[in-house]
Amino acid sequence: MSRSTAAAVAAAAALLVAVAARAALAQDTYSSRFDGTDLDAILADEGRVDQYVRCFLAEKDDDCDEVGRRVKAVLAEALTTDCAKCTERQKVGLPKTVRFLARERPDAWQQIQGKFDPKRRYAAAHPELSQ
């Protein structure tokens, strides 16, 4: 194999590794499908907040819409890993939601923590959110 052929093969291999690494990284974040959801509108709507609290605390997903089901499915991991797999938008939305619940619905926040983050890792990492 000539040097130019070997260099081309090495370059192609490096490109494939880079593409594979990028694909693996892309899979290490939660879906961004609902990142455009208006979180402020949800938090301002007492009925919708109640619906999501019921959804998160229920054993079954009967009280959940599609957004609620998807959040519920990753909530424990997101809280216990400090949102490690969150998109940038989700990294803003989670603390905003926690702050809201801690201030406006402390009983609900305590129940959600008890179910999804019983060791209170997220709260310990972010004490400013509950003040």
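Modeller: Welcome! A residue counts as buried under 20% relative accessible area, as exposed over 50%, and as partly exposed in between. Keep in mind that this is a predicted model.

Biologist: Thanks! Is Asp 82 buried, partly exposed or exposed?

Modeller: Asp 82 sits in the loop between helix H4 (66-80) and helix H5 (88-104). Its relative accessibility is 39%. That value falls between the two cut-offs of 20% and 50%, so Asp 82 counts as partly exposed.

Biologist: And what is the phi of Asp 82 near?

Modeller: Asp 82 is a residue other than glycine, yet its phi is positive. The value is near 55°.

Biologist: Where does Arg 120 lie?

Modeller: Arg 120 also has a positive phi, near 55°, and is a residue other than glycine. With a relative accessible area of 28%, Arg 120 is partly exposed. Its place is in the loop between helix H6 (106-116) and helix H7 (121-125).

Biologist: How many residues of the contact of H3 with H4 are nonpolar?

Modeller: From H3 come Tyr 52, Cys 55 and Phe 56, which meet residues in H4 including Val 67, Val 71 and Leu 75. The contact also has 1 polar and 2 charged residues, and its nonpolar residues number 6.

Conventions. Residues numbered from 1 in each chain as written. Predicted model: local features only at pLDDT ≥ 70, side-chain atom pairs only at ≥ 80, totals over all residues. Heavy atoms only, no water. Helix = DSSP H or I, 4+ residues; strand = E, 2+ residues; numbered from the N terminus. Buried < 20%, exposed > 50% of the residue type's maximum accessible area, 1.4 Å probe, protein only. Contact = heavy atoms within 4.5 Å. Nonpolar A, V, L, I, M, F, W, Y, C, P; charged D, E, K, R; others polar.
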